[in-house]
Amino acid sequence: MRSEKLADVSAEQFFALDIRVGQIVRVEEFPEARRPAWKLFIDFGENIGLLRTSAQVKNYSAEDLKGRLVVAAVNLGTKQVGPFLSQCLVLGAITEDGSVALLEVPKQARPGDPVA
């Protein structure tokens, strides 16, 4: 777990990230992953659509994840994770034990809403 502060970035660099609210619509096992992970299929609304990602959030059950609103960066490109293409990065806090606590999203937020 990283505890030190990273180097400063410009506001321009930060605002280049497209961070959005999405809703997990499907969760699948990912037995090929090196570390325990789920395959998540996330709806980001009409303009972005469905993106998928591999997420090391096995501290959540598939039932807890399906339907959940999450925060994700959607413009980091596509990354090959074993046999799976990951298209976004779900955000969470890395806890003391190394697990990820997904960020909470207010109920009034909708898939596709930008995060500021």
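Which residue in β3 is the bridge partner of Lys39? Ser54 is the partner. The points below set that pair in context.

1. Basis. This is a predicted model: local features need pLDDT of at least 70, side-chain atom pairs count only at pLDDT 80 or more, and totals for chains, interfaces and linings use all residues. Residues are numbered from 1 along each chain as its sequence is written, and side-chain values use heavy atoms, with hydrogens and water left out.

2. Fold. The protein chain has two helices and nine strands. Helices (H or I, at least four residues) and strands (E, at least two) are DSSP runs, numbered from the N terminus. In sequence order the pattern reads α-β-β-β-α-β-β-β-β-β-β. The radius of gyration is 14 Å, close to the 13 Å from the globule rule for 116 residues, so the chain is as compact as a globular protein of that length. That radius is taken over C-alpha atoms, and the rule is 2.2 Å times the number of residues to the power 0.38. Along the principal axes, the C-alpha atoms fill a box of roughly 40 × 35 × 30 Å.

3. Packing. Of the 116 residues, 35% are buried. Buried means under 20% relative accessible area, exposed over 50%, and partly exposed in between (1.4 Å probe, protein chains only). Take the contacts with a separation of 6 or more: 57% of them link residues 24 or more positions apart. Contact means heavy atoms within 4.5 Å.

4. The sheet. Five strands form an open sheet in the order β3-β2-β1-β4-β7, with antiparallel pairing. β3 and β7 (89–90) stand at the edges with a single partner strand each, so one side of each is left without a neighbour in the sheet. Two strands pair if DSSP finds at least two bridges between them.

5. Strand β2. Five of the six residues of β2 (residues 38–43) are buried, so the strand is largely enclosed by the rest of the structure. Six antiparallel bridges join β2 to β1 (residues 19–29). Among the pairs, Glu29 has Trp38 as its bridge partner. Six bridges also join β2 to β3 (residues 50–55), again antiparallel. Here Asp43 stands opposite Leu50, and Lys39 has Ser54 as its partner.

6. The hairpin. β2 and β3 form a hairpin with six residues between them. Gly45 sits in the turn and has a positive phi of about 85°.

7. Five bridges pair β1 with β4 (residues 69–73), in the antiparallel sense. One of the pairs is Val21 with Val71 in β4.

8. The cysteine. Where does Cys88 lie? Cys88 is in the loop between β6 (84–86) and β7. Cys88 is buried, with a relative accessible area of 5%. The C-alpha atoms of Cys88 and Ala72 are separated by 6.4 Å, with the two residues 16 apart along the chain. Leaving aside neighbours within four places in sequence, Cys88 is in contact with Ile42, Phe44, Leu51, Arg52, Thr53, Ala73 and Val74.

9. Charge. The 14 positive and 15 negative charges have mean positions 4 Å apart. Lys and Arg count as positive and Asp and Glu as negative; His and the chain ends are not counted.

Methods
The place of a charge is taken as NZ of Lys, CZ of Arg, CG of Asp or CD of Glu.
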